[in-house]
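Have it open while you read.

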Amino acid sequence: MLLQNKRVFVTGGSKGIGRAIALKCAEQGAHVAISAEDTPESREALAATADEIAAFGVQSAWIAASAQDPATGERLVETAVTAFGGLDVFINNAGICPFHSFLDMPRDTYLKTVDVNLNGAFFAVQAAANRMKDQGSGGSIIAVSSISALVGGGMQTHYTPTKAGVLSLMQSCAIALGPYGIRCNALLPGTIETDINRDDLADPDKRAYMEGRTPLGRLGAPDDLAGPAVFLASDMAAYVTGASLLVDGGMFVNLQ
Ligand SMILES: NC(=O)C1=CN([C@@H]2O[C@H](COP(=O)(O)OP(=O)(O)OC[C@H]3O[C@@H](n4cnc5c(N)ncnc54)[C@H](O)[C@@H]3O)[C@@H](O)[C@H]2O)C=CC1
Ligand SMILES: C[C@H](O)[C@@H]1OC(=O)[C@H](O)[C@@H]1O
């Protein structure tokens, strides 16, 4: 098992990519805590996923705490420390992408996207890093960025800068936290079928276009991110920091 007894936190772990990563970490022997926004629907999903995690014979915990609150990071760390006694791996995955055109982008849509995806990531990573530093035994921090950190999207002008931001955050944190043995890396998914793009991909032309751009011939599934996340979390990646890993079926390199 690659993560035996590691203490892992996954934000946005109630569904989609975060849930797949959380379950794979549990399968690999980790104790796993998850978070998501504080709504009744989200609490239900968190509790259900926490039960699935525990079914692997490891410990699980969950907390409903919205990423856009700067105080959330500390609460996430406290949840892992209370449940497992510490934190070894922190995976910042929670995010939103409310597709919208640029010229009439509502201010609130822009500000919430930045608050959840980038500001939330900053404060959560900062809290996790301080805990890991105090523990004195290093750690692994992973941010779920995106292929959209590298390329644009006409309906994602509020979103792509946040994904470039978390990629850059991991690069700078790799330098800031290297002296403490804390590794920081970014995962860059391509188009993965989840609730975040359910409406967007309901358009058959858009879906066919995205599939056609993917050399491996299919859109991604949440599970496609699970193995890469476990690798970066594990001691197999002991000398990997400041790296970014595209998990996109080859979409990014597909010019012609
Ligand atoms: N699905 C895709 O094609 C891609 C997704 N990503 C990124 O992957 C991450 C996960 O997205 P998906 O699993 O696809 O979407 P999803 O909608 O299935 O899951 C998003 C997760 O974030 C949580 N979340 C949303 N708003 C939150 C808030 N305000 N506070 C706390 N938690 C909140 C949700 O509860 C859920 O657990 C996001 O950061 C997204 O930007 C990156 C590239 C591609
Ligand atoms: C939500 C989009 O489908 C998705 O998010 C990203 O980061 C990429 O742009 C994907 O296509």
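1. Ground rules. This is a predicted model, where local features need pLDDT of at least 70 and side-chain atom pairs count only at pLDDT 80 or more, while totals for chains, interfaces and linings use all residues. Residues are numbered from 1 along each chain as its sequence is written, chains are lettered from A and ligands numbered from 1 in the order in which they are written, and side-chain values use heavy atoms, with hydrogens and water left out.

2. Who sits around ligand 1? There are 30 residues around ligand 1, and Glu 37, Asn 93, Tyr 159, Ile 192 and Thr 194 come nearest (near means that a heavy atom of the residue lies within 4 Å). By class, that shell splits into 12 nonpolar, 14 polar and four charged residues. For the classes, Ala, Val, Leu, Ile, Met, Phe, Trp, Tyr, Cys and Pro are nonpolar, Asp, Glu, Lys and Arg are charged, and the others, Gly among them, are polar.

3. The side chain of Thr 194 puts an N or O atom 2.6 Å from a ligand 1 oxygen, and for a polar side-chain atom of Lys 163 the distance to a ligand 1 oxygen is 2.8 Å. On its own, ligand 1 has 830 Å² of accessible area, and the protein covers 94% of it (Shrake-Rupley method, 1.4 Å probe; for residues, only the protein chains shown count as cover).

4. Ligand 2. Residues around ligand 2 include Cys 97, Phe 99, Gln 156 and Ile 196. The side chain of Ser 148 has an N or O atom 2.6 Å from an oxygen of ligand 2; for Asn 197 the corresponding side-chain distance is 3.1 Å. Taken alone, ligand 2 exposes 290 Å², of which the protein buries 92%. Its shell has four nonpolar, six polar and no charged residues.

5. Helices H1 and H2. Helix H1 (residues 16-27) and helix H2 (residues 40-54) have axes that come within 9 Å and cross at roughly 25°, so the two are roughly parallel. Their crossing is right-handed.

6. Two more pairs. H1 also packs against helix H7 (residues 226-233) at about 55°, axes 9 Å apart, which makes H1 oblique to H7. Helix H3 (residues 72-84) and helix H4 (residues 107-135) pack at about 40°, with their axes 7 Å apart, so H3 is oblique to H4.

7. Helix terms. Helices are DSSP runs (H or I, at least four residues), numbered from the N terminus. Axes are lines fitted to C-alpha atoms over the stretch in contact, with angles from 0 to 180 degrees between N-to-C directions. Angles under 35 degrees count as roughly parallel, over 145 as roughly antiparallel, 65 to 115 as roughly perpendicular and the rest as oblique. A crossing is right-handed if the near helix is turned clockwise from the far one by less than a right angle, and left-handed if anticlockwise.

Conventions. A polar contact is a pair of N or O atoms within 3.5 Å; within protein, one must be able to donate a hydrogen and the other to accept it, and residues adjacent in sequence count only if both atoms are side-chain atoms.
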